[in-house]
Amino acid sequence: MAAPFRPCDHCPKPAVVHNTAIVNGQMTEVHLCEEHAQAAGIQMPGQAPIHQLLGQLAQVGAARPRGPSCPECGHSFHDFKTSGLLGCAACYEAFASTVAPVIERAHGGATEHVGSAPTRADDARQRAALLQKLLRELEQAISAEQYEHAADLRDKIKDLRPTAAAGDKDGAP
Amino acid sequence: MSNLPGSDLLNGDRDVVMSCRVRLARNVAGFPFVGRATHPQRREVLETVRAAAGSDEASVGLVGGRVGADAAERLAWIDLTSLPKRDRQLLWERHLVSKQFAEGDSPRAVAVSPDERFSLMVNEEDHVRIQVLRSGNALRDAFDAAMRVDAALGGRLDFAFHQRWGYLTACPTNVGCGIRIGVMVHLRALRVTNEIEKVKRAAKELHLAVRGFHGEGSDATGDWFQISNQRTLGVTEAGLLEEFAGRIVPAVVAYEREARRVLMERQRTLLEDRVFRGISLLRSARLLGLDEAMKQLSSVRLGACVGLLPGVSVDTLTRLTIQLQSAHLRAADPAIETEEDEKAARARTARTALGEWP
């Protein structure tokens with residue numbers, strides 16, 4: 001039985017490759033004719049040695065949901081599993097249930113840090129709390145259409161962000 | 001004549017410990033880790049860290065005792081993205097950067113002190129990698145210097161830190177203190193007496209990593225091993241230092257020395273054969289591959305340490321382990337083009353350093 005006709009995403013020719021991928025939580029369908037499939041680096045059956053075909057099957061499998069993602073940086077659980085690396089500080093919370101046992105195993109069962117803390121840790125914590133408060137106020141100001149107040153808040157938030165906060169970085173120790 | 005090494009060689013355990021290293025991994029809060037960061041973000045991290053570290057040994061905290069920058073030497077900030085391949089390899093051969101860092105293609109730089117005992121990698125696996133190197137066993141000195149740099153940088157940068165996990169790193173195996181304490185040891189006698197596996201097993205039980213001459217992923221070229229801690233969580237920095245400097249290193253050193261003593265007493269002919277073949281080859285060869293050079297250097301170094309080769313300096317041999325590496329030869333002699341040119345240059349360098357024969 002012939003498959004229903006479906007044109008290629010890039011030209012009117014019939015699509016011979018159909019792929020479904022989930023990117024950033026959105027399902028995306030890809031339909032390509034032979035020519036555009038080749039241009040995209042996908043080989044046609046009969047052209048590729050068997051191990052490459054198997055590799056493609058594995059990739060199709062990998063295009064399924066990639067597990068939960070970090071809300072801060074978008075790093076997926078799949079990314080962590082394949083690279084062994086996390087994407088940002090917030091990943092430690094986003095993947096806490098899986099990362100915690102990994103950490104404990106790697107460190108002989110240790111469950112918490114007992115070493116030194118950074119010089120500016122307390123300072124940084126206070127700033128993070130203030131930042132959260134200002135962000136909440138900003139949201140309220142915008143919904144109340146108090147734009148002047150919102151602009152003030154934005155300036156304060158900008159000053160608190162870590163990149164801008166490094167303003168004293170040129171000072172001698 | 002005594003077969004024991006001279007007292008200057010025992011100073012810093014240089015008969016067994018070639019060098020030691022303390023490394024700290026840190027990330028700047030507010031940025032994704034390097035693997036996740038875009039190139040503009042990596043550039044921003046680079047600029048932020050560079051500005052915080054400054055351009056001399058005082059600004060980076062290395063010479064905390066001295067006042068003012070006058071007494072401090074300037075750091076060389078080297079931008080890896082614009083550096084030719086050979087020079088990147090040169091940095092790696094000198095143990096100033098990792099292989100991954102030397103080969104990458106994204107915005108990254110390293111600051112190096114003039115004596116090359118300090119390097120600061122920006123945008124390796126983590127935003128900041130502080131590394132302090134010392135020749136011989138001088139772990140406490142290296143540790144103190146690394147802590148000073150950490151305090152200086154930590155005072156000007158917000159390092160990513162978690163109440164429970166400590167310093168946050170891209171790889172969860174580095175969290176906590178983010179510290180690696182390591183020594184490069186020459187365990188030739190333990191290899192000859194087939195006891196090296198025992199050392200590796202004992203190391204594993206103590207949660208230590210045993211790696212080759214160039215660290216992660218490298219084989220133990222010519223019997224040089226890097227031994228370092230793996231646990232970084234649930235331990236204090238000072239506790240790790242004590243365990244390493246007070247217990248582990250002395251045990252490894254004593255074990256290798258004992259194997260050397262046993263070889264001298266019970267298998268002297270075998271030992272002499274390997275040592276004298278080695279020195280003859282290094283003094284006479286016209287073409288020398290890297291693997292062969294490292295293998296023979298290892299035997300010769302053992303011979304020099306047990307007193308079989310009076311007149312051959314252990315420091316010269318230690319220097320040769322670096323000088324005979326590919327990029328070093330090519331930097332010293334730009335005329336090298338082919339593999340054979342390189343082998344000839346390696347043989348020439350060895351002969352010159354050790355006394356040519358015939």
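The predicted model scores ipTM 0.88 and pTM 0.77. Chain B has an average pLDDT of 92, and 94% of the residues score at least 70. Helix α13 (residues 339–354) of chain B has the highest mean pLDDT, 98. Helix α1 (residues 7–10) of chain B has the lowest, 71. Two stretches of chain B stay under 50. Residues 1–5 of chain B form one of them, with 9 contacts beyond four places in sequence. Residues 65–69 of chain B form another, with 6 such contacts.

An open sheet of 8 strands is found in chain B. The strand order is β2-β3-β4-β5-β1-β8-β10-β9, and the pairing is antiparallel. Strands β2 and β9 (208–211) of chain B stand at the edges. Each has a single partner strand, so one side of each is left without a neighbour in the sheet. Neighbouring strands are turned against each other by 20° on average, direction ignored.

Strand β3 (residues 109–112) of chain B has partners in β2(B) and β4(B). Strand β2 (residues 76–79) of chain B pairs with β3(B) in the antiparallel sense over 4 bridges. Here Trp77(B) has Ala111(B) as its bridge partner. Strand β4 (residues 118–122) of chain B is also antiparallel to β3(B), and 4 bridges join the two. In this pair, Val110(B) is bridged to Met121(B). A hairpin is formed by β3(B) and β4(B), with 5 residues between them. Glu116(B), in the turn, has a positive phi of about 60°.

In a regular strand the side chains alternate between the two faces of the sheet. In β3(B), both faces are covered. Ala109(B) and Ala111(B) are buried on one side. Val110(B) and Val112(B) are buried on the other.

Strand β1 (residues 17–26) of chain B pairs with strand β8 (residues 179–186) of chain B over 7 bridges, in the antiparallel sense. Within β8(B), Val183(B) stands opposite Cys20(B). Helix α5(B) lies across β1, β4, β5 (128–135) and β8 of chain B. The helix runs at about 155° to β5(B).

Helix α10 (residues 290–305) of chain B has 16 residues. The distance from its first C-alpha to its last is 22 Å, close to the 22 Å expected at 1.5 Å a residue. Just after α10(B), Gly307(B) takes a positive phi of about 85°.

The contact between the chains involves 43 residues of chain B and 39 residues of chain A. On the side of chain B that touches chain A, α2 (39–53), α5 (139–154) and β6 (161–162) of chain B each supply at least two residues. Helix α2(B) gives the most, with 4 residues. By residue type, this side of chain B divides into 21 nonpolar, 15 polar and 7 charged residues.

Notes: Residues are numbered from 1 along each chain as its sequence is written. Chains are lettered from A and ligands numbered from 1 in the order in which they are written. This is a predicted model: local features need pLDDT of at least 70, side-chain atom pairs count only at pLDDT 80 or more; totals for chains, interfaces and linings use all residues. Two residues are in contact if their C-beta atoms, placed from the backbone, lie within 7 Å. Ala, Val, Leu, Ile, Met, Phe, Trp, Tyr, Cys and Pro count as nonpolar, Asp, Glu, Lys and Arg as charged, and the others, Gly among them, as polar. pLDDT is the predictor's confidence in each residue, from 0 to 100. A residue is buried if 20 or more other C-beta atoms lie within 10 Å of its own, exposed if 12 or fewer, and partly exposed in between; C-beta atoms are placed from the backbone. Two strands pair if DSSP finds at least two bridges between them. Axes are lines fitted to C-alpha atoms, for helices over the stretch in contact, and angles run from 0 to 180 degrees between N-to-C directions. The expected span of a helix is 1.5 Å times one less than its number of residues.
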